[in-house]
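Hi there,

Here is the structure I promised to pass on. Have a look, and then read on for my notes.

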Amino acid sequence: MKLERLTVEFPWERTFEVLCREAPAREAPSPERAQELIEQQRESQVSVLSRVMDSPLLETDYAETSDSPERSERPRDAPFQLRDPRQTSRLFLGVAAQAGTVLRPFGALLLDELDPADAMLGRLLVVLSITDSSSPSRAEHADEWPEILRRGAHAGQALPFGPVLTPMLVAAGPEFAGAYGIDPESPWELAGRLEATHRSEKLAPWISRLLREGATRLAALSEGRLPGPTPNRHRGAHSRDIVLVGSRERGEYFLAALKSIHGVEAQTRFIVESTPGLSRIRAWSAEPLDADRLYAMAEALDVKIESLTDDTDV
Amino acid sequence: MWISVVSFNQNEQRAVDQLLSDLASGAPSPWRRSGEQTIERDFGEEVWKLQHFPLNAQGNVVAAVRLAELFAPLRKVPDFVVFYGCAGALEKEHTRSVFLVEAVNYLSLGTVVADGAGGETVTLKNKWLCHTPPPSDVRPLPLGIFPLCSGSGSFDLRALSGLPGARVAATDKVIRVGRGSAPAPTVAGPPDTYYAKNEWTYGDALDFVASGHEKILLVEMESYGISRIAEALNIQDRVVVMRVTTDALTDHGKSDDDQHSLLMQGRTVLGHLLASLFSPTLGSA
């Protein structure tokens, strides 16, 4: 947009006035307003996640092609892929922490006047806003987490902390779900909601990783510490050996496609195979690799799978 | 709330310095000086701080290092970092404009050979830009992303500020060539589209990047380093790059005075962007 037009549309006098404006009078805290804000946060969890889970791709990557399974019905102006689950969880929890910042003035006592599930989600957001910041008081709030989780879980709702935060907390400790009666299948409800906007066979394993990453961050925050830097990739928990018939070149296309699957680890590679005309790939992955999917991918790439070992939990 | 503004060359530095002076201009402005490169104001119970870091240098590495330093452990970190600078536009019609950087490709890794006439020829290895056979050899460099400006962040700064986004081709050289014609792919996706491994001219590479989307394409020398270090530090949702297009790739005739003038004009748009970041509620009021 032309600079001349922008200086007319956003004149300096107006910008100066905005930047110099007095802070608005603080809203008088009331239980009704707190309830409204908390309900908004709960209802917006899926839409916020839906927004932050996309990341653009290289121009030529497959999400741009017309028959790609990644293609969404939503209007797009650029090709997208699922963002790294660790980054997505951080972005999502960052937005949740912002909601907690807005709720801070309402105070714990005021929040406790609400419906139990709303009160505990409100308190969780407030504590999250404090612990997610660089505040030195982070550790002082660590002991609030167990009580919030316990009371929230007993609030009588299937998803007391919302459709995204609840399964993240479940992932942080399955005993949490079991002990307090929260639906351990809640991740599948989240998957169902996201499928409306993200049609991808990668979605289910991606959600599993997202919830684990979110759980890791929440667990660290609940212990009064900030999560550490991204650790080096570690070997996936599952492996398969895939023997291909045909040229090594075709096999390399298959290997590249395999590595583009979320959860497939970078060290997935060819293993030296003595028999001419065969290539053997060992795939490591965070989630089990579906055999039907591998056969379909091979067919699409004009590669024949000679044999496929069972998934091995390593 | 604390926002850091990073500038690169002297013209950009002067523009940001002037913006700080415009704001901390005395009563009735609540902004006050807090050091040579910092101004601040009280906002309710908060303190808003605006700090300028003039790099007096250019390049992907220098910009990335500055960003990493701002987020070094054991120091208070800014809420947002805004990089303010000029850029070249691929098309002349997009000069004298302002854009937020949405995503960035890196066009730099290549080969320099003597051309036999006393000069040198620079080309780019396309394997770093696109998929080339064999797939197991290398992976192309990933796209750098700025989530706040590409609609995939915690909020959409384009919608919030009303400023448009653009794609960037980041280089480590001043590019004075126009768009060429990228070769056709040899293997079409899905899953990936492959091109014959080759040396590409900058014109080829610019065409490749520009053809993949409908965005306006800019060329500058910092956004790739910034985006990748932001990704590594997990601070992508705190980083924004704003560019004033002062010239076109094939029309570098603009003088230093012209660049200075455009960047000075652009500082008011930078102010508008900062207002959007400081307080979305105020900015839209």
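In which loop is B:Pro134 found? The answer is the loop between β8 (120-125) and β9 (144-145) of chain B, where helices (H or I, at least four residues) and strands (E, at least two) are DSSP runs numbered from the N terminus.

Before the rest, some housekeeping. This is a predicted model, so local features need pLDDT of at least 70 and side-chain atom pairs count only at pLDDT 80 or more, while totals for chains, interfaces and linings use all residues. Residues are numbered from 1 along each chain as its sequence is written, chains are lettered from A and ligands numbered from 1 in the order in which they are written, and side-chain values use heavy atoms, with hydrogens and water left out.

Now the backbone. Most residues other than glycine have a negative phi, and most peptide bonds are trans. B:Pro134 is joined to B:Pro133 by a cis peptide bond, with omega about -5°. Another cis bond links B:Ala27 to B:Pro28, with omega about 10°; B:Pro28 sits in the loop between α1 (10-23) and β2 (32-33) of chain B.

Then there's phi: B:Asn56 isn't a glycine, yet its phi is positive, about 50°. You'll find B:Asn56 between β4 (46-54) and α2 (60-70) of chain B, in the loop. B:Arg96, also not a glycine, has a positive phi of about 55°, and its loop runs between β5 (80-89) and β6 (97-106) of chain B.

Finally, the cysteines: zero disulfides over all chains, taking a disulfide as a pair of cysteine sulfur atoms within 2.5 Å. The sulfur closest to that of B:Cys86 belongs to B:Cys149, and at 18 Å it is too far for a bond.

Cheers
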